[in-house]
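Good morning, and thank you for joining. I would like to go through one structure with you, element by element. Please bring it up on your screens.

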Amino acid sequence: MSLKSLVLTTSLLAGALVQMSHAQDLKGDAQAGEKKIAMCIGCHGIPGYQASFPEVHKVPMISGQGAKYIFNALQAYKSGERKHPTMRSIAQGLSDQDAADVAAYYEMHGKTTPAPEQLAPPPAVVAELLNKGGCAGCHGANFNKPLDPSYPKLAGQNADYLYVALKSYQDGAHTTWGRNNAIMGGMAKPLSKTEIKDIAAYLSSLPGSLVLRK
């Protein structure tokens, strides 16, 4: 590598790190976020609303989801790490502060009744799959208390959305619906469609904090 190329690469990397640090330092304002969700409620605020891409499925419930996760998801759509034409268009129209405000708004509008601590065990085949994938190691107790706020809550999420999301991680390189995440890709790729459906159905059946809210 030439000195000129090395300097350019170093400058680009430094710039990316500064932008990442700035984004992580942003504090969302929920009241400001309420004024910025017009593009969100058209899908995420309609009971039973179904998207048709990449296949028919209910859009995810995002009220009650962690703000850091929502912010990171929007950034992933903006950067192309998550490939979805509609979501990328929406995310690209948001500044980092806009995304942080929207995320803060949705975080504070989940269910107020806490989920029970003890749940019935999952079917043996599902338990084996979840244990093999180490899913609770990130998504937390009863899949409703992520160990890090950048991970999503899964309990009670729409099953067909979870199914589509896992398939998107399986095909991370697909140009219009893939999700390019090495960790989730490694977890999802060995699963069959039946196994994905079983996991999604179980997670959807769990009580959690997520709720449909305008």
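Let me begin with helix H6, in which Asp96, Asp98, Ala99, Ala100, Asp101, Val102, Ala103, Ala104, Tyr105 and Tyr106 are buried; buried means under 20% relative accessible area, with a 1.4 Å probe and protein chains only. In other words, 10 of the 12 residues of H6 are buried, and the helix is mostly covered. H6 covers residues 96-107 and reaches 16 Å from its first C-alpha to its last, close to the 16 Å expected at 1.5 Å a residue. The expected span is 1.5 Å times one less than the number of residues.

A word on conventions. This is a predicted model, in which local features need pLDDT of at least 70, side-chain atom pairs count only at pLDDT 80 or more, and totals for chains, interfaces and linings use all residues. Residues are numbered from 1 along each chain as its sequence is written, and side-chain values use heavy atoms, with hydrogens and water left out.

Now the chain as a whole. It has 11 helices and two strands; these are DSSP runs, H or I of at least four residues for helices and E of at least two for strands, numbered from the N terminus. Along the sequence the pattern reads α-α-α-β-β-α-α-α-α-α-α-α-α. Of the 214 residues, 37% are buried. Among contacts with a separation of 6 or more, 70% are between residues 24 or more positions apart, a contact being heavy atoms within 4.5 Å.

Next, helix H9, residues 159-170. Its 12 residues should span 16 Å at 1.5 Å a residue, and its end C-alpha atoms are 17 Å apart, which agrees. Its buried residues include Tyr161, Leu162, Tyr163 and Val164. What covers the buried residues of H9? The cover includes strand S2 (57-58) and the helices H4 (67-79), H10 (182-188) and H11 (193-205).

I turn to two helix pairs. H4 and helix H5 (residues 85-92) pack at an angle of about 105°, with their axes 8 Å apart; axes are lines fitted to C-alpha atoms, for helices over the stretch in contact, and angles run from 0 to 180 degrees between N-to-C directions. The two helices are therefore roughly perpendicular to each other, a term for angles of 65 to 115 degrees. Leu74, Tyr77, Lys78 and Ser79 of H4 make the contact with Met87, Arg88, Ala91 and Gln92 of H5.

In the second pair, the axes of helix H7 (residues 124-133) and H11 come within 10 Å and cross at roughly 95°. That makes H7 roughly perpendicular to H11. Here Val126, Leu129 and Leu130 of H7 meet Glu195, Asp198, Ile199 and Tyr202 of H11.

Finally, two individual residues. Leu203 lies in helix H11 and counts as buried, at 5% relative accessibility. Leaving aside neighbours within four places in sequence, Leu203 is in contact with Phe143, Leu154, Ala155, Gly156, Gln157 and Leu162. Leu203 and Asn142 are 61 residues apart in sequence and 8.8 Å apart in space, C-alpha to C-alpha.

Where is Asn144 placed? Asn144 sits in the loop between helix H8 (136-139) and H9. Asn144 is buried, with a relative accessible area of 8%. Not counting residues up to four places away in sequence, Asn144 touches Ala115, His139, Lys153, Ala155, Gly208 and Ser209.

Key: Buried means under 20% relative accessible area, exposed over 50%, partly exposed in between (1.4 Å probe, protein chains only). Angles under 35 degrees count as roughly parallel, over 145 as roughly antiparallel, 65 to 115 as roughly perpendicular and the rest as oblique.
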